[in-house]
Amino acid sequence: MNNVSATQRTKRALPAVVLTAALMLAVTACSPTGNASTSGPSGGAAAGGTGVPALEVNQAAVELLPESIKASKVLRVAIPTNEQPTQFYREGTQEMTGTNPDVARLIGEALGVTVDIQVANFDSIIPGLAANRYDMTVSSMTPTEKRMEVLDFVDYMQIGNAIAVPQGNPAGIKDETALCGKKVGLLTGSYQLTVNVPDYDAACAAAGKNAIQKSEFQDTRQAISALTSGRLDTVLADSPILNFAATQNPQIEIARTYEFAPVGVGMPKESGLVKSVSAALDAVIKSESYTKVLGKYGLETSAITEARVNFAQ
């Protein structure tokens, strides 16, 4: 599914009313450490035992790095909390792996820098970028016009929405049009919560049906637990995460997967990183290492062929 229409909508976003001023206000309310924790730097990722295939340094991309990154040789990358297969801890460790950490490490290899992964709740990442706690994020984040007011984006893969239901689908939920009046689990700060659901609610109201009963969770495991215990009718979240969960948990199944479109690496506009990251990602997605990383997590169909810059969804 490499060729995605620009009109297709994606799913991962903070509320649409977030503006630069609001972000800065949020930053002032955060502690210096916020919700972040580090999983440890991974310079020379392949050599560091992270399991990421080796990738040659792209000197043209290196030359485009901001002077501060050239000097430190470190990229601080914000990545969300434990969500297989996009990001999760290696068994028995506090080291993050998954498609997002691995793509971040490939970017680091292309740029010849150490990648220092900082683990944070998704809804704290943009304020953290604004506060200079991170240099960039690889977090399945959708390049929306609202986000592009404060961040530059470079596409790196594509993912979709999925609707998970209890085994046997007792509520008969076949697609998003059947969510009216249902108890739906959603991730805090997600595009599903802040954009999809308001649209669905508007359609419900137009049809004279009840609004969606929303429940928010910080990670999908919590939402799935609520689903299997009977507290929810369904969970609406990113397709790789729910598809993986369904392979691991026989109590749930996927009713529908839809709306595939690119997600991007995000970085503050004033950072000057976008040119170097764009050049690095252009090399990454053309490499065998990129294909191997996605294949390692069963996400070969998430591959894209062009690292587009600031292409709003």
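Residues are numbered from 1 along each chain as its sequence is written, and side-chain values use heavy atoms, with hydrogens and water left out. Because the model is predicted, local features need pLDDT of at least 70 and side-chain atom pairs count only at pLDDT 80 or more, while totals for chains, interfaces and linings use all residues.

Rolling a probe the size of a water molecule over the atoms shows where empty space is left. Here a 1 Å grid over the protein atoms alone was used: a cavity is a set of points where a 1.4 Å probe fits but cannot get out, a pocket is an open set with protein on both sides within 12 Å along at least five of seven lines, and lining residues have an atom within 4 Å of a point. Points are joined across faces, edges and corners, and a volume is the space filled by probe spheres set on them.

The largest pocket holds about 260 Å³ of space. Its lining comprises 13 residues, with Gln 84, Arg 221, Ile 224, Phe 244 and Ala 245 nearest the centre. Two or more lining residues come from each of β3 (88-89), α7 (220-228) and α8 (239-248) (helices, H or I of at least four residues, and strands, E of at least two, are DSSP runs numbered from the N terminus). The greatest contribution is that of α8, with 4 residues. By class, this lining has 6 nonpolar, 5 polar and 2 charged residues (Ala, Val, Leu, Ile, Met, Phe, Trp, Tyr, Cys and Pro count as nonpolar, Asp, Glu, Lys and Arg as charged, and the others, Gly among them, as polar).

For the second largest pocket, the volume is about 190 Å³. Among its 15 lining residues, Asn 132, Tyr 134, Asp 135, Pro 268 and Ser 271 lie nearest the centre. Both α3 (67-72) and α5 (125-130) give two or more residues, and α3 supplies the largest share, 3 residues.

The volume of the largest cavity is about 230 Å³, and of its 19 lining residues Pro 80, Glu 83, Phe 122, Leu 187 and Asp 238 are closest to the centre. This lining divides into 5 nonpolar, 11 polar and 3 charged residues.

Finally, Val 103, Leu 106, Ile 107, Ala 110 and Leu 111 of α4 meet Ser 276, Ala 280, Leu 281 and Val 284 of α9 (contact means heavy atoms within 4.5 Å). This contact has 8 nonpolar, 1 polar and no charged residues.
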